[in-house]
Amino acid sequence: MDELQLLIDLHKHAQRQGPGADAETLRALDLTRLDRTTPLKIADIGCGTGASTLMLAQHLNAEITAVDFLQEFLDILNDRAASLELQDKITPLCCSMDNLPFEAQEYDVIWSEGAIYNIGFAQGIKEWKRYLKKEGIMAVSEITWTSASPPEEIRQHWESEYPEIDTASSKFAILEQSGFSALGYFVLPEYCWLENYYRPLQNSFKDFLARNGDSKEARAIVEAEEREIELHEKYSNCYSYGVYIARKVE
Ligand code: SAH
């Protein structure tokens, strides 16, 4: 099995493929000030197995296009939607986030939790803006420094993993320069990382290794995850996901 298949196998059984929580999705939804009865068109980009998609479908009168480039994740999202009788509100779309087949000004809302880094925050904001209607809402989470001077070890780690990591004020500057106006911001609380994401992942390592014959490749993936978790435990006061809510004004 190649590395991507192993990563899919590790992550597809989880509730979420990144830090987050239903309560924090709802907190972001409150900040959008969207009316819950108005019909809305939403794209949830990099939706994974659909943690946020399902919350949005439950709480809004929305038609949601759930985009991910991994069909395996979308298949699980489909099953979850069916078991909650939400499948009529959700259309899965297997597609890369840098090549979306959307029309200009098609959507009221673009939602993306823990995924925009795959295209890069600045590029994602710029490209996805064109799919938003006038005054449409952008709600994205992005890894963010919560300290102005993170220690060298963690700074080096994130700058090599994701050179666009920055402070919230820099991310808002990008949003403003791209034609958005800020509506709200908060930092994902720690339980979103440890309780909701890293601990369940750690609890799945044993079965993951057994399923994959304890291969060298599978062990390398577990070691990399363990290293990330260790760094998080040491430096969680310096970074988190920032959740950015903004309105298209130009
Ligand atoms: N929003 C989900 C998943 C976050 S993990 C959650 O919060 O649980 C990031 C997701 O982005 C993964 O599901 C991954 O498959 C998807 N992804 C990564 N690169 C992508 C790309 N180029 N196009 C579309 N989806 C992508």
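Tutor: The second largest pocket is lined by Gln15, Arg16, Ala21, Asp22, Ala51, Leu54, Met55, Gln58, Arg80, Leu84 and Asn196. A pocket here is an open set of points on a 1 Å grid over the protein atoms alone, with protein on both sides within 12 Å along at least five of seven lines, and lining residues have an atom within 4 Å of a point. The model is a predicted one, in which local features need pLDDT of at least 70 and side-chain atom pairs count only at pLDDT 80 or more, while totals for chains, interfaces and linings use all residues. Residues are numbered from 1 along each chain as its sequence is written, and side-chain values use heavy atoms, with hydrogens and water left out.

The volume of this second pocket is about 150 Å³ (the space filled by probe spheres set on grid points joined across faces, edges and corners). Helix α3 contributes the most to its lining, namely four residues (helices are DSSP runs of H or I of at least four residues, strands are runs of E of at least two, and both are numbered from the N terminus). By class, the lining has five nonpolar, three polar and three charged residues (Ala, Val, Leu, Ile, Met, Phe, Trp, Tyr, Cys and Pro count as nonpolar, Asp, Glu, Lys and Arg as charged, and the others, Gly among them, as polar).

The largest pocket has a volume of about 1300 Å³. Its lining comprises 48 residues, with Gln17, Gly114, Tyr117, Asn118 and Tyr197 closest to the centre. Among the elements that give two or more residues to this lining are α1 (3-11), β1 (40-45), α3 (51-59) and α8 (190-211), but α9 provides the largest share, six residues. The lining divides into 26 nonpolar, 12 polar and 10 charged residues.

Around the ligand stand 17 residues, and the closest are Gln17, Gly46, Asp68, Met97 and Glu113 (a heavy atom within 4 Å is required). This shell has seven nonpolar, seven polar and three charged members. A polar side-chain atom of Asp68 lies 2.6 Å from a ligand oxygen. Ser96 places a polar side-chain atom 3.1 Å from a ligand nitrogen, whereas Phe69 has a backbone N or O atom 3.3 Å from a ligand nitrogen.

There is also one cavity of 30 Å³ or more (a set of points where a 1.4 Å probe fits but cannot get out). This largest cavity holds about 110 Å³ of space. It is lined by 16 residues, and Glu24, Ala28, Glu113, Ser141 and Val243 lie nearest its centre. At least two lining residues come from each of α2 (22-32), β4 (107-112) and β5 (132-145). Nine of the lining residues are nonpolar, five polar and two charged.

Notes
Polar contact = N/O pair within 3.5 Å; in protein donor to acceptor, adjacent residues only side chain to side chain.
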